[in-house]
Amino acid sequence: ISRGGMPGVPPSPCAGANAGSGPAQPLTMIAPASAFSGEAGKYAWYRVAFVGGVDLRHGPSVEAPRTGEMLCQNATFAAAEELLGADGRV
């Protein structure tokens, strides 16, 4: 397996973290219904599908500087706002 990545882009901390030993985090998490009610119920919830994870940025733009933090595949997060891209994806 090649782990070379793209030139000038540091490797994902998510890639190969537990190579051969299963996912780094559970694929299914069970939370009580109360975890999605109240304030948390106001937001849309998403799960990172991309194997390489998602870089967090300081603003809602691909042009915004990266924070240095990453959400790995299968991480869940709440979004305060949903914007459609030119390709129709959220």
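How many salt bridges does the count come to? By the rule used here, two. The rule: a side-chain nitrogen of Lys or Arg within 4 Å of a carboxyl oxygen of Asp or Glu.

Some ground rules. This is a predicted model, where local features need pLDDT of at least 70, side-chain atom pairs count only at pLDDT 80 or more, and totals for chains, interfaces and linings use all residues. Residues are numbered from 1 along each chain as its sequence is written, and side-chain values use heavy atoms, with hydrogens and water left out.

Side chains of opposite charge can pair when their charged atoms come close. Take D55 and R66: their side chains meet at 2.9 Å, N to O. D55 sits in strand β2, residues 54-57, and R66 in strand β3, residues 66-71, so this bridge ties together parts that are 11 residues apart in sequence. Strands here are DSSP runs of E, at least two residues, numbered from the N terminus.

How open are these two residues? D55 is partly exposed at 31% relative accessible area. R66 is partly exposed too, at 48%. For the cut-offs, buried is under 20%, exposed is over 50%, and partly exposed is in between, with a 1.4 Å probe and protein chains only.

Next, D87 and R89. Their closest N and O atoms are 2.6 Å apart. D87 is exposed at 52%. R89 is exposed at 61%.

On to the rings. A pair of aromatic rings is described by the distance of the centres and the angle of the planes. Rings of Phe, Tyr and Trp (its six-membered ring) pair if their centres lie within 6.5 Å; under 30 degrees between planes is stacked, over 60 is edge-to-face, and the rest are tilted. That rule gives one aromatic pair. Y46 and F77 are stacked, 5.8 Å centre to centre, with 25° between the planes. The pair links distant parts of the chain: Y46 is in strand β1, F77 in strand β4 (residues 76-79), 31 residues apart. Y46 is partly exposed at 25%, and F77 is partly exposed at 30%.

Last, the surface. F36, Y43 and W45 form a nonpolar patch, with about 300 Å² of accessible area together. Patch residues have over 30% relative accessible area and no salt bridge; like charges are joined within 9 Å, nonpolar side chains (Val, Leu, Ile, Met, Phe, Trp, Tyr) within 5 Å. Areas are Shrake-Rupley with a 1.4 Å probe, and for residues only the protein chains shown count as cover. F36 lies in the segment before β1 (44-47). F36 is partly exposed, at 43%.

Definitions and conventions: Helix = DSSP H or I, 4+ residues; strand = E, 2+ residues; numbered from the N terminus.
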